[in-house]
Amino acid sequence: MFQSNKIKIFLPILVAIIVAVLPTPEGLSVNAHYFFAVFLGVIVGLILEPIPAALIGLTGVAFSATFGLVGDTAKASRDWALSGFSNGVIWLIFAAFMFALGYKKSGLGKRIALLLVKMLGKTSLGLGYAVAFADGILSPFMPSNTARSAGTIFPIAINIPQMFDSTPDNNPRKLGSYISWVAIAATCVTSSMFLTALAPNLLAVSLVEKSTGLVIEWGQWFSTLSIIMIPLFLLVPFLTYIVYPPEQKSSPEAPAWAAKELASMGPITKKELIMLGLGMLALVMWIFGKQIGVNGTTAALAVLSLLVLTNVISWEDVITNKGAINVFIWFATLVAMASGLKKVGFLKWAAGLISGGLVSFDPVSIVILLVVLFFLFHYLFASVTAHTVALLPLFLGVATNLLPASMIEPLALLLVGSLGLMGIITPYATGPSPIWYGAGYITQATWWKLGALFGAIYLGALVILGFIIL
């Protein structure tokens, strides 16, 4: 294990060194060449993750700034290195992680899931919808689909098959396999339905703004992408019931179990009601922020303050939330690294090379091709974040070279809207995938087959949306 980790640490460094010592391509500055070598080393590090992801990003930024790869002066290098930490979207991610903690600490997230099982769980199809709706209700407020699906839904949902003697080793298809696939397929859709349902969504919006100057608001994201996301979300439990049906069709024990769990929780508490009210307040400000003149980040920080002041969470929770602080540093450094590619001129050079091969296509075909390639390239990534940082600025750069200005925003929405959906394709494609796969109800071969089928449906829906909004 130790030896394996040493190799994982060595490989990103080796990749960076090999790229750096290669001859600088024509048209690319030496600084841009060296910075790309560091950037590529960071991406390989994020894929292998031999050390915490935040430390990988911080190392890349610190190294690049120290050796003056970005910026003409020491002050300019410092300003670039710290630029991600002043990015409003990064602070929105941090605040949203605190909302997730509020749902967990107050018990509201668990209560919502149990209520849905109690109401809908008399049949296996109803259980599928209960699992999906629980994820859907929580998704606007929980930017970690791992915390949402694996941390909140999984502990509840995984208990249900066992009541029917459906375990990974005994009758997995009876119920456990169906619930597991519905859970992961639904969270991939909800992760793309809402801007705040997946942390890389927020990172992507920041990269879009830095690359194109376009600002994608919460309401614009939802109003555009919901055209396909709502039908897909409602289709998931039923489609799974058709193509991967459970052997157990009825489940009268599930509502009784949920009722017993709810009884043990007791009546709804004051903290749960406050959490519900503040969650709705944040949602209203995110949806109507543009009309009422409230920025999404400042709204999130205001609600975060209220969560602490009303004692739903404590200040100690805020300053000791390792997950939130880790993501804050991680994404802040990745925003800086991605912006560095544009700053040193690498994106312009690389986009120019790729654009030459697409110049003969008509604009609509270029948009569809870019969306399809962006989605399929995720087979090569185990991290949506790494995928976003590595490819989104490049694809936007190609689009800027080839497409009329009016088509850049629709393409950007299609690309960022694919980030949650692409998590369905492999057992490692998104955070909760290893948790549901590790539960043992779905074999690896079956996961790849179902991933290909659902991935094709999700990608097809994106292409249809492309024709609608272009």
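For the class counts used below, Ala, Val, Leu, Ile, Met, Phe, Trp, Tyr, Cys and Pro are nonpolar, Asp, Glu, Lys and Arg are charged, and the others, Gly among them, are polar. The model is predicted, local features need pLDDT of at least 70 and side-chain atom pairs pLDDT 80 or more, while totals for chains, interfaces and linings use all residues. Residues are numbered from 1 along each chain as its sequence is written, and side-chain values use heavy atoms, without hydrogens and water.

**Exercise 1.** Determine which residues line the second largest cavity, and how they divide by class.

*Solution.* A cavity is a set of points on a 1 Å grid over the protein atoms alone where a 1.4 Å probe fits but cannot get out, and its lining residues have an atom within 4 Å of a point. The second largest cavity is lined by Leu207, Lys210, Ser211, Ala338, Ser339, Lys342, Leu347 and Pro393. Sorted by class, this lining has 4 nonpolar, 2 polar and 2 charged residues.

**Exercise 2.** Describe the lining of the largest cavity by residue and class.

*Solution.* Its lining consists of Ala113, Val117, Ala130, Val131, Ala134, Ile153, Ile156, Ala157 and Ile160. These divide into 9 nonpolar, no polar and no charged residues.

Definitions and conventions: 1 Å grid on protein atoms, 1.4 Å probe; cavity = no way out; pocket = protein on both sides within 12 Å on 5 of 7 lines; lining within 4 Å.
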